[in-house]
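Reader: I am new to this structure. Could you walk me through a few of its terms?

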Amino acid sequence: MIALVDCNSFYASCEQVFRPDLQGKPVVVLSNNDGCIIAANKEAKALTHIPMFHPVFKIKDVLKANSVTCFSSNYTLYADMSQRVMDTLRQFSPIVEEYSIDESFVDLSHFELSELEEVAHKIKETVYKNTGIPVGVGVAKTKSLSKMANKFAKKVTKNNGVYVVDTTEKRRYLLKINRVKDIWGIGKKHTVRIENTGAITALDFAETNLAWVRKELTVVGERLWRELNNFPCHDLEVEIATKKGIGTAKSFGYKLTDYSLIEEATSYYVAEVADLLRQQKSAAAYIEVFLQTNSFSNTDNQYYKKTIITLQTPTNSTIKLTQEAIKGLKKIFKPGFRYKKVGVHLFGLVPENQIQTNLFYQEQKIESKALTKAMDNLNSKFGKNKVKLASVGNREKEWALIKDHSSPRFTTQWSELLTIGKSKPN
């Protein structure tokens with residue numbers, strides 16, 4: 001049996017953990033540059049005139065009139081809170097697939113069937129006790145069914161956030177109340193194809209002739225069909241797959257015309273992706289840099305350009321990658337435009353212990369593994385970017401994302417720890 005544990009309104013819940021005064025009140029989290037609403041708690045979702053992914057500047061008055069509290073996205077906090085949830089789940093099973101930042105599949109096969117209801121509630125209570133994050137728990141024999149059970153657990157109040165599919169009757173009932181489009185992994189085209197046969201519910205699809213499913217929906221559809229019929233086809237993936245490419249692209253807080261500011265932002269982003277590259281013990285053979293204006297602006301002249309640099313030999317040195325990225329940036333930068341975004345992408349990744357060099361290559365001092373390791377150790381000990389390249393500069397406020405409603409990084413920065421009460425005057 002497999003449990004799908006899904007955090008409720010995760011980003012908003014993370015903010016509420018450290019703001020208990022907001023319990024029961026509407027809370028939303030905004031996208032980069034405080035642009036759009038990307039997450040909301042149930043109280044905010046209940047306000048139907050506050051649509052998701054809607055530009056904030058268009059509904060400022062509505063948010064204020066409904067006393068909605070807004071937060072800038074704080075991904076450092078969310079990532080750490082996610083890890084705390086995952087660590088708690090491992091108290092119940094050593095096999096946990098971290099499916100996304102707020103979802104995990106947990107192997108419960110070592111428990112008796114009669115224990116699962118109690119175990120599911122215990123998972124929910126323990127996660128909340130340890131982290132303050134409310135979760136829903138759906139338990140079934142397959143991933144597809146546990147996903148559906150989780151959704152039902154959170155949707156129906158009487159379930160108290162838990163639903164265990166431990167009988168044939170429960171499985172058939174769950175499939176009967178879900179439409180074909182609600183099946184995890186069924187896209188729009190396949191939904192239309194299935195409904196054209198007269199199948200409306202997930203149960204109808206599960207009872208469709210397998211030969212038709214195999215012919216019309218290929219092996220992917222067949223696996224879904226089997227999962228809904230209690231035959232597991234998707235194993236839990238515990239090992240984190242090595243990424244084939246690592247990149248980042250963020251909008252500037254303000255439109256930039258100054259090349260030196262864009263160069264500082266590019267250097268900062270290269271340092272971020274190079275750090276991730278070293279964490280997975282890989283090296284990159286290529287680096288892509290792109291630069292663009294705001295494509296949504298009706299007043300700015302538009303420009304987009306990218307370049308790909310082939311490295312002489314794969315590397316994960318921040319200094320070397322930054323050096324090459326800046327060469328690329330200089331090639332594509334064109335004066336006279338107001339730029340909105342720069343991005344860097346590393347690809348052609350190979351294991352760092354399997355780098356193929358050539359007879360004439362000589363490693364430069366800047367690529368010294370000892371130097372890179374020393375920088376990583378210092379940044380790990382004293383905080384991100386305490387040791388950085390001069391090209392990163394010190395004018396981040398002039399190009400960084402706007403975060404007017406950002407909360408502190410309560411769990412990862414000593415200087416931003418939560419303060420309770422007021423200190424008494426001497």
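Author: Gladly! β2 and strand β4 (residues 69–72) pair in the parallel sense over 4 bridges. This is a predicted model, where local features need pLDDT of at least 70 and side-chain atom pairs count only at pLDDT 80 or more, while totals for chains, interfaces and linings use all residues. Residues are numbered from 1 along each chain as its sequence is written, and side-chain values use heavy atoms, without hydrogens and water.

Reader: What makes β2 and β3 a pair?

Author: Two strands (DSSP runs of E, at least two residues, numbered from the N terminus) pair if DSSP finds at least two bridges between them. β2 and β3 are joined by 3 bridges, so they pair, and they run antiparallel.

Reader: Which way do the residues of strand β2 point, and are they buried or exposed?

Author: V27 and V29 point one way, V28 and L30 the other, and all are buried, meaning under 20% relative accessible area (1.4 Å probe, protein chains only).

Reader: How do residues of the lining of the second largest pocket divide?

Author: They divide into 15 nonpolar, 11 polar and 8 charged. Ala, Val, Leu, Ile, Met, Phe, Trp, Tyr, Cys and Pro count as nonpolar, Asp, Glu, Lys and Arg as charged, and the others, Gly among them, as polar.

Key. Buried < 20%, exposed > 50% of the residue type's maximum accessible area, 1.4 Å probe, protein only.
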